[in-house]
Amino acid sequence: MSIEEIRVYGTVQGVGFRPTVYRLAKACGLRGEVFNDGQGVLIRVSGSDESITKFIQRLQEECPPLARINQLTRTRYQGEFSFNDFVISTSVSNAVKTAITPDAATCPQCQSDIFNPLSRWYRYPFTNCTHCGPRLSIIRAIPYDRNNTSMAAFAMCPECAKQYNDVENRRFHAQPIACYICGPQVTLERADNKPITAFMFSMLDDIDAVCTLLQKGKIVAIKGLGGIHLACDATQETAVQKLRDRKKRYHKPFALMARDITVIEEYCTPSTKEKELLESPAAPIVLMREKGLGTGDWGLENKEIRGERQIALSVAPGQNTLGFMLPYTPLHHLILKRMNRPIVLTSGNISDEPQCIDNEEARQKLGKIADYFLLHDREIVNRVDDSVIRVVGDKVQTIRRARGYAPAPINLPPGFNNVPHILAMGSELKNTFCLLRNGQAILSQHLGDLENAAAFNAYQDTLNLYLNLFEHKPEIISLDLHPEYLSTKLGKELADANQIKVYNIQHHHAHIAACMAENNIPLDSNPVLGIALDGLGYGEDGTLWGGEFLLADYRQFKRLATFKPVAMIGGTQAIYQPWRNTYAHLISTDTWDNLKQKYGELEILHFLENKPLKLLNQLIEKQINSPQASSVGRLFDAVAAAIGICREECSYEGQAAIAMEALVDIHSLNNHEETQIYPFKLDILDSIYCIDPSSMWQALLHDLQQQISQPVIAAKFHKSLANAIVEMVKYLRGENVINEVILTGGVFQNSILLQQVTKRLEALEINVLTHSLVPSNDGGLSLGQAVIAAAKLINP
């Protein structure tokens, strides 16, 4: 007989792993114990070598649905062993190396329980088991035991305790287990504090009443898993527009929740992959094309199409996609049980602020937005937004990584196994931070834009929580090169206070490294060509970059090419007033007098003539708050405004580009005639190659003179930009060894551009790598910062 100690690392706590170990150990005739500790799960078993090997094989094959084994080690056990049977022992606290499980959507068995009148969990909105329910949102410390979560405030009743301690039950050691008798409760209240009206007497309970309120056109604030949401009936234009006005979110699309796939299929046609995502334990928001609206079909002429399908125009103005999710908690399932149409379910906040998580905070901040509140008395420890996913081709593209995915660790490529603890602070917008340890990256959930003071405070709170949860003591702090980013300033303060070394990482190099890491490119691989296109990032030369071709590995990069820099007139104002970019681009191609002479009859020229052009010219000439930037994001804005999309202003960054993508005419996109390509010039700028759009502008203005439609011009621009990028790659390939190309940066969230560039590069037999696990936007930046710092540390 042998006695072995088996150490299991990975996502193995709070997911039913120990009961599985218990069941399999008994089936294999083994004696011993299993318990949680800070590193994961530890198993000690006695039996024949054959039985132990069979046990380990079955454990890997029959791993619970939410569990993930990253590593399993076996050693001979020399300590005291006095077990006559197999048991589950008490958890042990020691150095934390285990993973925290993401929150998981309600499993089918728990869904059945809440709708079964004979179940003790009938209509109980906090029903869960080891296969589903809250994790990150309620945890305060590791190991993941009830006393380390916000469920510690609720003592289990005898019936729940019985199931909790029954190893044969799927609720065995389900830490949030609760019922009507002992668990959290929900309450419905009016925002104006008046008594609930008599209609409640015909309702099953407060949750059922919410469904009726939504059907009546009311706005309800609903406290869910990782935050409070604002909900209304998505088919009532008046209700949706009222929510927009009150929330001050004027254009950004709203997320939708539907009872089931059948309801979603009335509005979209989800693919097999999209259905899998919707129904997965992560249950993200999935962006899908709206049914009946092809690309280029979002305009006013299609109001009647939308009207027939009863979807409010204000749900996603200027877009041809809808973001749907399925119910992911029992509370949501119960609200939507008799709702045969979608609801808006958007974050409970004033636009750009963090989502409310506290009841009193919600009453204060949302009291003038919501008509009613459905709140509960379980504390949300960690704010977790909904994740957003898109399928491009057959590949999953993560737009926002949060609930359901964070903070599941990302395994790092070969060569990163023994790096010390590293903290990467992320960017200013769409922030995440990253902890590097034990060959893994732990990326925080999406934390938002730090330029908002409340978001920055939430960022600091979440950072402190993660550092404590994972007992992470960074030896290196990795920062964005931009000196004015709040994340950079905070990182420097932490480094100074704790005498920690700092690495300053160039923004676009970090984008490329993040894509390399998630695609498992080993540390010492040959350089790749990274194409990083975004709004802007601070360059090594002190200028603003945003359209870069970098020959890069993890340690260093060489800037081979860029886009022609153009002034961002007014600095950040140019992000929210696209016409500024149009004017800057136009006068970089020709004088204003010449432009007026050639194109003076065009609407865009008349529009710009009414702007203070003399003042704008002075700002450019004297370089007053008008930095030169090679930003492809701003190029998109400039083109969009030129053809009449979001010309005057945008309410969020990228709005114009997103609207232009939705407008693209597919027929023109697939037209291979040479006349369908706008010319871009390949030039030299400061000893590196440069893509100059000047000639493109001449052709585009000519199309406007010919009254070519917006969808056709949008299609030609996307196709032409893709062609220019690939022509530059061909040019660079003649002087450099380039076998792999990485496409990264927020601009490559544009599915049309991504597919066009990918298709053309693959035709040249170039391997193309893109993002899937982390966003291509700044939400993935911290991963790149972390691995670059690690690489520099391993071999400076």
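# A guided tour, starting at a hairpin

Begin by selecting β14 and β15, which form a hairpin with 2 residues between them, and look in the turn for Gly393, which has a positive phi of about 70°. The model on screen is predicted, so local features are taken where pLDDT is at least 70 and side-chain atom pairs count only at pLDDT 80 or more, whereas totals for chains, interfaces and linings use all residues. Residues are numbered from 1 along each chain as its sequence is written, and side-chain values use heavy atoms, with hydrogens and water left out. Strands here are DSSP runs of E of at least two residues and helices are runs of H or I of at least four residues, numbered from the N terminus; two strands pair if DSSP finds at least two bridges between them.

Strands of a sheet pair through backbone hydrogen bonds, either parallel or antiparallel.

Now show the side chains of β14 (residues 388-392) and ask how many of its residues are buried. Buried means under 20% relative accessible area, exposed over 50%, and partly exposed in between, with a 1.4 Å probe and protein chains only. In β14, 5 of the 5 residues are buried, so the strand is largely enclosed by the rest of the structure. Val388, Arg390 and Val392 point one way from the strand, while Ile389 and Val391 point the other way.

**Thr346 in β12**

Move to strand β12 (residues 343-347) and select Thr346, which counts as buried at 4% relative accessibility. Its side chain is joined to that of Arg249 by a polar contact of 3.4 Å, a polar contact being a pair of N or O atoms within 3.5 Å, of which, within protein, one must be able to donate a hydrogen and the other to accept it, residues adjacent in sequence counting only if both atoms are side-chain atoms. Leaving aside residues up to four places away in sequence, Thr346 touches His229, Leu230, Leu243, Lys247, Arg249 and Phe254, where contact means heavy atoms within 4.5 Å.

**The six-stranded sheet**

Select next the open sheet of 6 strands, whose order is β16-β19-β18-β17-β20-β21, with mixed pairing. At the edges stand β16 (410-411) and β21 (501-505), each with a single partner strand, so one side of each is left without a neighbour in the sheet. Follow β21 to strand β20 (residues 476-480), to which it is joined in parallel by 5 bridges, and pick out Asp480, whose bridge partner in β21 is Ile505.

**Pockets and cavities**

Rolling a probe the size of a water molecule over the atoms shows where empty space is left. The second largest pocket has a volume of about 740 Å³. Of the 28 residues that line this pocket, Arg68, Ala282, Gly404, Tyr405 and Ala408 are the closest to its centre, and the elements that give two or more residues to the lining are β15 (395-400), β16 and α14 (507-518).

On a 1 Å grid over the protein atoms alone, a pocket is an open set of points with protein on both sides within 12 Å along at least five of seven lines, a cavity is a set of points where a 1.4 Å probe fits but cannot get out, and lining residues have an atom within 4 Å of a point. Grid points are joined across faces, edges and corners, and a volume is the space filled by probe spheres set on the points.

A search of the whole structure finds 6 cavities of 30 Å³ or more. The largest cavity has a volume of about 150 Å³; of the 18 residues that line it, the closest to its centre are Pro125, Leu225, Thr329, Pro330 and Arg378.

**Salt bridges**

Finish with the 38 salt bridges found in the whole structure, each a side-chain nitrogen of Lys or Arg within 4 Å of a carboxyl oxygen of Asp or Glu. Select Arg58 and Glu62, whose side chains meet at 2.9 Å, N to O; Arg58 is partly exposed, with a relative accessible area of 23%, and Glu62 is partly exposed, at 28%.

Asp541 forms a salt bridge with Arg559, the closest N and O atoms being 3.8 Å apart. This pair links distant parts of the chain, 18 residues apart, with Asp541 in the loop between β22 (528-538) and β23 (544-552) and Arg559 in strand β24 (residues 557-563).

Then select Lys598 and Asp590, which meet in a salt bridge of 3.2 Å, N to O; Lys598 is partly exposed at 42% relative accessibility, whereas Asp590 is buried at 16%. The last stop is Glu5, Glu33 and Arg44, which are linked in a network of salt bridges.
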